[in-house]
Amino acid sequence: MAIVERPTAPLELPPGTAVTTRPLGVFTRPQATTGWRSWLTTIDHKRIGIMYGAAASFFFLLGGIEALLIRAQLAAPGQKLYSADLYNQIFTMHGVTMIFLVVIPLGAAFMNYVMPLQIGARDVAFPRLNAFSLWLFLFGGLFLNTSWFLGGGADGGWFAYAPNTGVTFSPSHGMDFYALGLQMTGIASLAGAINLVVTVLNLRAPGMTLMKMPVFTWMGLVTQLLLVFALPVLSVALFLLTFDRLFDANFFNVSAGADPLLWEHLFWIFGHPEVYILILPAFGIVSDIIPVFSRKPLFGYPFVVFSGIAIGFMGWGVWAHHMFSSGLGPISVAAFALSTMFIAVPTGVKILNWMATMWGGRLRFTTPMLFAIGLVTMFTIGGLSGVTHAVAPADTQQTDTYYIVAHFHYVLFGGALMGFLGGLYYWWPKAFGFMLNEKLGKWNFWLTLIGFNLTFGPMHILGLQGMPRRISTYAEGFGFEFWNAVATAGAFFIAVAMLVLVANVWVSWRAHRADPVDPGPDPWDARTLEWSVQSPTPTHNFDAVPTVSHLDEVWHRKYEENAEGKVVRIASGAEVAQPGDGTGVHLPSPSYWPLVMAAALPLIGYGLIFNLAFAAVGGVLVLLAAFGLGMEPADDPEAQHGPAGEGHGNGHAEDTDESADEGADGEEAGGEAVPAVTGASTAADRTPEEGSTDG
Amino acid sequence: MADTVVHEAPTAAPHAGPAAVHGPSHATSTGLSNTKLAMWVFLGSDCLLFGGLISTYLLLRHRVPPGQGPGPTDVFDIPFTSVSSFVLLFSSLTMALAVGAIHRGDERRCRTFLLTTALLGALFVGGQAYEFTVFVREGLGYTTNIFGSAFYTLTGFHGTHVSVGIMFLLGLFILSLRGRLGVERAETVEIFGLYWHFVDIVWILIFTVVYLIP
Amino acid sequence: MSTETSPQQAPVTAADHEAHQKEHPSDWVYIQVAIWLGIITALEVSTYFWDDWFGFDASATGVAVALILMMIIKFAGVCLWFMHLRYDHPLFRRVFVFGLLLAVAVYLIAMTALEFWSSSSASGA
């Protein structure tokens, strides 16, 4: 058994620490570890990941209801269930919700929960900033949705082309909520992205070089870097829109000399990297799932990684293919058509790698595997229709028809969401300590797959027949009736499939309550580090931070080549797993301030729209929370997290816990380890996060 | 536990490159400080924010239709703005000196330079406020024309960055007064310094691109 | 590049710290850099008066190019010395330069697509 632990001595506080601990008169930090209050103040990446998932599921419900409303209206020709104006709001909010409040945060949910475990870290680099990201995303999303009660939702389409979004054409407050709400979720994502980038770069377990990281972590890193650099562009666009609408600026005022194409450029400079932000986490998930259930290593790991990086770079050079019909001029169109065709190459590389991984493998068709295969097939269809858009003349025909709607649902639903559902089934036992029911899971998959194809397959045909997207109703006699009816039926099919998922969670939980079955640390015979801790993951993640010597570290601890060169099992997953009873691990304390800071920003938003008094209150709260965060005694001994401070104290600096295996390991290596331990424990006092919290 | 490995230096720093000179007590994989890395990532990201604002300004400034109020050449007062530029440039120097002082453990000197930096920053923001009022008096309001909107937005964003910086400077100054900004916190000062210098380089861009190039 | 180690080693003393300061520039270096930056800024500002002094057309492309060159030098000066990039770990430089170059590239392409160069030379002249 090759589990590697560093035997440690009890934490020794270095004598005469230069920092005297005088808390600067701030509140004592919250201490609760159970109960609802502990969830509000938690800075544990696992809880934050779960809450990201829960919040995204709630918004998924909202967005799903909006989708059903759309399909209900279009089920038959000439229907007028809602006015064209309300219909505009519904499809705009459907798009905004699904993209910004469901798929991005679902990626964040998986990254928060899984990524620190995959790299062998105890938490992310800035746990409080992480909590701030979560709350700001949640409050920003709620802020956006309160527009329904305050004069109507946004109605300019999810990409909100100017000048349609100006006060003249969109007089309700909907677009104000859109601009400010997305600004907030943008800040949340930016803070989260900086945090996760630093985490991946800095908190990897010893021995885990970049090329030994699991593919999910790799794709997470690329995604977060894309977010870091793409979000500010969206911020600029949204600021310009906000100032135009609220303060009568002239950025998109054509009579003052504006060029509305400016919005389109800014939006799509963000918007195209955004497409890869949405899909790459799902690519990472299936790259982890497929090898496990094919019982083979991932085919061409470096190719998968480098194609992901290539997508990350090339994604910056294709944005204007969203604008082929806007009169860019022939040179721009030709250049962007060419670059768009090129970007299909790295994506194709990935699909080939997944297929080659499955080829010759001993496949196990579990629910996660089915969803992963679902992604590979459905995304391929969506990718191929995407390539047809790169042909600019054809695109002129397809733009703003249902063909486009079909395309992006195949990549977003058939791609991203399938991947996330697979990830949900795959990591569920790790997060909650029980398996989801396989039978219901398979029902869930097949119903989703059938419903999905019934809904979005026909839209290809509708689009090529010329049905424009975003029309609130259509007349009889254009040949749209049949396929629209099919699509609507399919949408309700998907709804049933999602109810099966909910039922599955409920049934499995009840079964678990009645007769708890421990899934064990490694229920899938998996390959990466998160499967070497108990299920559910202990609060402190790792009893001792592992040392990594291979890609697929956990697999290499379980299997070895024997003398004849055959791979044989040498240990079970339970044997190589850490027992999860580490004591004396110093974890950073929870904090109120992220919640306060995040709650203050929507106040500013309401203030800007309705009454500046709210904004003043919000501003004061932000300032207060910023100082609260900055002054929070990261090195307060009463804060029960030892001298290892907030800023970075979650990585290897805290390997000072008493190993459970002390008896076994202690004698062998205790002597050598001590200096390292003292060094690590003194690598302690850290400054407040001032630098990073102002981002 | 056959091949138990004990790693004395958790940094084993797989690809730390030159960072290997750090002592064995280093705690992160790259051997670099989390906060400092986060700050640099944030600054890299901020490049795209200001890039977008500057591009917007450049695109829009000459598009004022005739009769819609003053354009850039009508209002700019280069000598005045030049003084502001020197002030901000000088504040970068005092910031660098504050960082140098705290690294040597000279808290008093650091404190003095932090306060000087804050004052110079405030002088700059004050100058900007004065400039804005002059422009408004000359007939260029925020909503007057597209140049006004773009100009005030760009310089306003920069001014906000400076103001946020001043608040942090004052926070650091108070910390220092209370004896809580010793050499062990040198990195905080240094990281804040990065932010301050970044604000300065943005002004270097704005001064040339917005004011000097006609 | 060594400054970031120090805060993590409690107890830290100034002497400890000094040991890491070898690659740090002295105050005098900062002052020299600032003087150079000041001189360049003065040169930049002087272009504004060239028209009056030498009858030089300030809107000429040559002046614009000179101004942009001086701007780049100043930019690099602050980054390399004041922000320590010259002395620091290359990862910092890479992250920042990536953002910077990406911004320049992306926005230049966007401005080109918006036909900025033709329109500005028309109205700027």
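This report walks through a predicted model of a complex, chain by chain and then residue by residue.

## Confidence in the model

For the complex, the predictor reports an ipTM of 0.88 together with a pTM of 0.87. Chain A has a mean pLDDT of 87, and 87% of its residues score at least 70. In chain C the mean pLDDT is 79, with 73% of the residues reaching 70 or more.

In chain A, pLDDT stays under 50 over residues 1–25, a stretch with 72 contacts beyond four places in sequence in the model. Residues 635–695 of chain A also have a pLDDT below 50, and the model gives this stretch 205 contacts beyond near neighbours in sequence. Chain C has such regions too: residues 1–19 stay under 50 and have 67 contacts beyond four places in sequence, while residues 121–125 stay under 50 with three contacts of that kind. Among the elements of chain C, helix 1 (residues 14–19) has the lowest mean pLDDT, 46. The highest, 95, belongs to helix 4 (residues 90–113) of chain C.

## Chains A and B at a glance

Chain A contains 20 helices and two strands. Of its 695 residues, 61% are buried. Taking contacts in chain A between residues at least 6 apart in sequence, 84% join residues at least 24 apart.

Chain B has six helices and zero strands, so its elements read α-α-α-α-α-α from the N terminus on. Buried residues account for 59% of the 214 residues in chain B. Of the chain B contacts with a separation of 6 or more, 74% are between residues 24 or more positions apart.

## Helix 6 against helix 8 in chain A

Now for a closer look at one helix pair. The axes of helix 6 (residues 215–247) of chain A and helix 8 (residues 301–314) of chain A come within 10 Å and cross at roughly 10°. Because angles under 35 degrees count as roughly parallel, helix 6 of chain A is roughly parallel to helix 8 of chain A.

On the helix 6 side, the contact is made by A:Val215, A:Trp218, A:Met219, A:Val222, A:Leu225 and A:Leu226. Helix 8 of chain A contributes A:Val304, A:Val305, A:Gly308, A:Ile309 and A:Gly312. By class, this contact has nine nonpolar, two polar and no charged residues.

## A:Phe303 in helix 8

A:Phe303 is also found in helix 8 of chain A. Is this residue buried, exposed or partly exposed? A:Phe303 is partly exposed, because 17 other C-beta atoms lie within 10 Å, while a buried residue would need 20 or more and an exposed one 12 or fewer.

Leaving out residues up to four places away in sequence, A:Phe303 touches A:Val349 and A:Asn353. Between A:Phe303 and A:Ile404, 101 residues apart along the chain, the C-alpha atoms are separated by 30 Å.

## The largest nonpolar core

Which residues touch the most other members of the largest nonpolar core? In this core of 300 residues, they are A:Leu136, A:Ile194, A:Val197, A:Ala237, A:Val286, B:Val41 and B:Ala98.

Setting aside neighbours within four places in sequence, A:Ala237 is in contact with A:Trp263, A:Leu266, A:Phe267 and A:Phe270.

Technical notes
Residues are numbered from 1 along each chain as its sequence is written. Chains are lettered from A and ligands numbered from 1 in the order in which they are written. This is a predicted model: local features need pLDDT of at least 70, side-chain atom pairs count only at pLDDT 80 or more; totals for chains, interfaces and linings use all residues. Helices (H or I, at least four residues) and strands (E, at least two) are DSSP runs, numbered from the N terminus. Two residues are in contact if their C-beta atoms, placed from the backbone, lie within 7 Å. Axes are lines fitted to C-alpha atoms, for helices over the stretch in contact, and angles run from 0 to 180 degrees between N-to-C directions. Angles under 35 degrees count as roughly parallel, over 145 as roughly antiparallel, 65 to 115 as roughly perpendicular and the rest as oblique. Ala, Val, Leu, Ile, Met, Phe, Trp, Tyr, Cys and Pro count as nonpolar, Asp, Glu, Lys and Arg as charged, and the others, Gly among them, as polar. pLDDT is the predictor's confidence in each residue, from 0 to 100. A nonpolar core is a set of buried Ala, Val, Leu, Ile, Met, Phe, Trp, Tyr and Cys residues joined through C-beta atoms within 7 Å.
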